[in-house]
Amino acid sequence: MAKKEDDSENEFENVVEDDGQKLNIPKEMPVLMLRDIVVFPYMVVPLFVGREKSKEAIDHALSSHRMILLLTQKDMEIEDPKREDAFEIGTVALVMRMLKLPDGRVRILAQGIVRAKLQTLDEEKEYFSARIKVLHEPEDIEKSIQSEALVRNVREGLDKASALGKNIAAEVMILAANVDEPGRLADLAAANLDLKVHEAQELLEIQDSFLRLKKVYEFLTMELELLDVQSKISSEAKGEMDKLQKQYFLRQQIKAIQKELGEDTEIQEEIRGFQDKLKKMKVAQEVREELEKQISRLSQMHPESAETAVVRNYLDWMFALPWNKTTKDNLDLKSAKGILDEDHYGLDKVKERILEYLGVRKLSKTIKGPILCFVGPPGVGKTSLGRSISRALGRKFIRISLGGVRDEAEIRGHRRTYVGAMPGRIVQGLRRCGSNNPVFMMDEVDKIGADFRGDPSSALLEVLDPEQNFSFSDHYLGVPYDLSQVMFITTANLLDPIQPAFRDRMETLHLPGYTEEEKLQIALRHLVPKQIKENALDEKLISFTRGAVQKIISLYTREAGVRNLEREIASICRKVARKVAEGKKSLTKITSQNCEKYLGPPKIFRDQLQKENRVGVATGVAWTAAGGELLFVEATKMKGKGTLTLTGSLGDVMKESAQAALSFARAHVKELGIDGKIFSQNDFHIHIPEGAIPKDGPSAGVTMATSLISICKSREARWDVAMTGEITLTGNVLPVGGIKEKVLAAQRAGVKNFILPLPNKKDLIDIPKNITKDINFIFVKDISEVLKNALVPAPVKTKK
């Protein structure tokens with residue numbers, strides 16, 4: 001009895017191949033999980049293996065019986081499948097070849113042998129191992145008529161699919177013609193149909209060969225229908241292409257005939273299009289007459305003539321311009337003020353001027369657009385302020401840069417007689433924005449050049465004159481264009497290079513630069529959030545303390561604007577972003593203590609007072625494009641004949657101020673209490689440190705006079721007193737400019753007393769009160785008042 005059971009087990013393990021060979025199928029074998037394919041018996045298929053467990057399974061199979069169970073996953077996205085993630089019925093396959101690829105994957109060539117059902121799956125090993133039950137193909141004792149008919153239908157279906165363009169190998173077609181077993185033919189046909197995974201698995205699980213072949217025939221019939229429709233679509237598309245080619249050929253013949261006759265249908269259609277557009281346009285009579293004239297000329301021209309292209313291009317420009325397209329202004333003053341405050345901190349004068357314009361615009365619809373000129377050092381927000389103004393007004397924004405422009409045609413355009421003629425940049429900008437009342441910004445008007453091609457500044461006089469720009473004439477257009485609704489804003493770093501007549505056309509608004517407190521607020525409100533966003537960070541990854549930003553402002557930047565400040569903040573953000581990319585996910589807090597770690601040692605040394613009274617050393621304050629700076633004027637004397645030496649890269653105006661100070665001292669020796677012989681017996685040397693930096697201007701006059709008189713009287717100058725002002729030969733102190741920047745520099749350095757010319761008292765109104773409250777301002781009319789406050793009083797002699 002036991003012997004009989006062993007025999008039955010052996011039969012269960014054997015599979016008979018076509019050539020009559022019996023292969024021993026082990027009860028336990030490694031498993032290879034497949035993602036998106038179902039392998040049928042007798043099917044030879046290449047497989048790419050990348051998962052470690054799968055590689056181990058292949059290695060084990062090759063080292064033993066070369067057989068492996070191929071199971072298909074229910075969900076191809078699962079990376080680490082379990083038993084419940086795979087179908088229970090698969091195919092036992094023979095690994096015929098194996099190749100290891102450079103990218104670590106393995107390529108195998110496997111041939112399906114027989115169906116098998118999974119009984120148990122061992123997931124604890126380095127590879128999946130399964131106990132299986134072989135599903136034998138039932139043997140047909142005798143073939144029925146239905147079975148024979150179905151076999152023939154499947155063969156014919158494969159032939160028809162191949163004829164309709166289905167890619168089926170010739171070897172497969174020969175094999176199908178010679179296979180009589182329904183089960184084997186079903187597996188062969190299923191392997192060559194484009195079945196979805198669940199459809200193929202459904203076929204694999206059907207054990208009855210007749211039913212399986214019947215199901216395959218259903219799928220094959222659907223495939224034939226699809227191929228038939230696809231073939232019809234291809235035929236129709238080919239017929240349509242042939243039709244289009246024929247039409248193209250006929251059109252080319254018509255064109256050739258029309259060319260010989262001097263006719264052209266396309267240009268006639270274009271002319272009708274221009275005429276239709278002209279009927280709908282609302283333009284001045286002069287413009288309408290010019291357009292009608294040019295359209296009439298175009299209709300009489302030969303299509304291939306060079307003049308036709310010129311007229312066509314002109315008409316395209318004319319019809320593309322926004323002659324009567326106007327955007328509606330946002331007249332809600334509160335909303336406009338909110339937008340301006342949101343985009344920029346401070347700049348109250350500019351904001352007030354825009355709101356004044358809006359207020360008048362709300363009351364009067366005929367007000368002309370203002371022409372403003374923002375003057376200030378780089379980085380104070382002139383250009384971005386123009387963009388903010390356009391947003392507040394609800395208008396479109398257009399910007400052009402005039403720096404380095406030397407050709408008048410850049411403004412007025414070229415005459416149409418020139419080859420490649422185009423309108424000027426004003427008209428080009430209006431076409432781009434599609435509105436006749438945009439905010440039009442012209443950057444760098446102080447850097448416009450002039451040469452033999454004309455003076456662009458003079459051409460801009462018409463553009464920026466409210467009494468003329470309602471009929472601006474561009475050389476290319478040849479008709480007047482109304483610019484009176486455009487709000488022009490120009491920007492410049494300096495007013496001096498701008499022509500007086502050009503400057504007279506504009507309302508100048510000065511943007512002198514920001515205080516440290518304003519920079520701090522701008523950084524915290526705008527720059528820090530902007531750079532955090534641009535560097536793909538967020539508030540959970542980086543934060544800046546007020547102290548850190550203050551330190552960056554004072555020790556790493558020296559400027560009137562905030563460009564370098566933004567660069568330093570961006571530098572910190574990039575370094576933090578790199579750490580985040582390397583895996584750090586915790587918050588990085590930037591403080592005044594650790595910002596040197598990111599930016600290195602301080603780049604700027606703050607102006608520091610000398611904290612002691614010294615003879616011949618007076619403290620002045622100078623204006624620079626980056627703000628104000630302290631200026632220490634040093635004077636000394638040595639035996640000589642009264643000559644004056646000046647060093648420190650001084651300009652002509654400063655040299656003249658020093659000479660005036662010396663002449664005043666020599667002329668007023670009695671009033672000043674100076675021994676007159678000192679000027680004939682000594683040479684004098686005045687030096688201003690930082691000699692590599694050129695210096696000029698009249699505002700150091702009182703400082704040089706104080707330094708010189710201090711050395712002559714051997715009286716110490718007070719270290720806590722700074723001063724500015726121009727001196728005359730009679731000793732009067734004249735007003736100077738740049739008071740705001742100078743006061744800010746004095747406040748940063750800790751100056752307690754500041755001597756100013758009396759006429760400059762009015763300039764303190766522009767300085768924040770939290771700055772002025774820390775300084776004692778001394779207003780003077782002449783040099784005697786300066787000396788009274790700047791020099792240490794002489795010791796009082798007591799009688800013995």
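**Group meeting: sheets, a bent helix and aromatic pairs**

Before I continue, a note on the source. This is a predicted model, in which local features need pLDDT of at least 70, side-chain atom pairs count only at pLDDT 80 or more, and totals for chains, interfaces and linings use all residues. Residues are numbered from 1 along each chain as its sequence is written, and side-chain values use heavy atoms, with hydrogens and water left out.

Are Phe440 and Phe488 buried or exposed? Phe440 is buried, with a relative accessible area of 0%, and Phe488 counts as buried at 1%. Here, buried means under 20% relative accessible area, exposed over 50%, and partly exposed in between, with a 1.4 Å probe and protein chains only. A further pair, Phe679 and Phe684, has ring centres 5.6 Å apart and planes at 40°, so it is tilted; Phe679 and Phe684 are buried. Ring pairs also link Phe754, Phe777 and Phe779 into a cluster.

Let us turn to the sheet that contains E11 and E14. Helices (H or I, at least four residues) and strands (E, at least two) are DSSP runs, numbered from the N terminus. Two strands pair if DSSP finds at least two bridges between them. In what order do the 5 strands of the open sheet stand? The order is E10-E11-E14-E9-E15, with parallel pairing. At the edges are E10 (397-401) and E15 (507-510), each of which pairs on one side only. From one strand to the next, the twist averages 20°. E11 (residues 439-443) and E14 (residues 487-492) share 4 bridges, and Met442 has Thr490 in E14 as its bridge partner.

Helix H13 (residues 382-393) packs on this sheet and touches E9 (371-375), E10, E11 and E14; contact means heavy atoms within 4.5 Å. The direction of H13 makes about 175° with that of E11. Axes are lines fitted to C-alpha atoms, for helices over the stretch in contact, and angles run from 0 to 180 degrees between N-to-C directions.

Next, consider helix H18 (residues 516-534), which bends by about 50° at Ala523. The bend at a residue is the angle between axes fitted to the seven residues ending there and the seven starting there. Among the buried residues of H18 are Leu520, Ile522, Leu527 and Val528. Its buried residues pack against strand E16 (542-544), helix H19 (546-556) and helix H20 (563-581). After H18 comes Ala536, with a positive phi near 60°.

Finally, strand E8 (residues 129-135). Why is E8 described as largely enclosed by the rest of the structure? The reason is that 5 of its 7 residues are buried. E8 runs antiparallel to strand E3 (residues 28-34), to which 3 bridges join it, and Glu28 stands opposite Arg131. Thank you.

Note on methods: Rings of Phe, Tyr and Trp (its six-membered ring) pair if their centres lie within 6.5 Å; planes under 30 degrees apart count as stacked, over 60 as edge-to-face and the rest as tilted.
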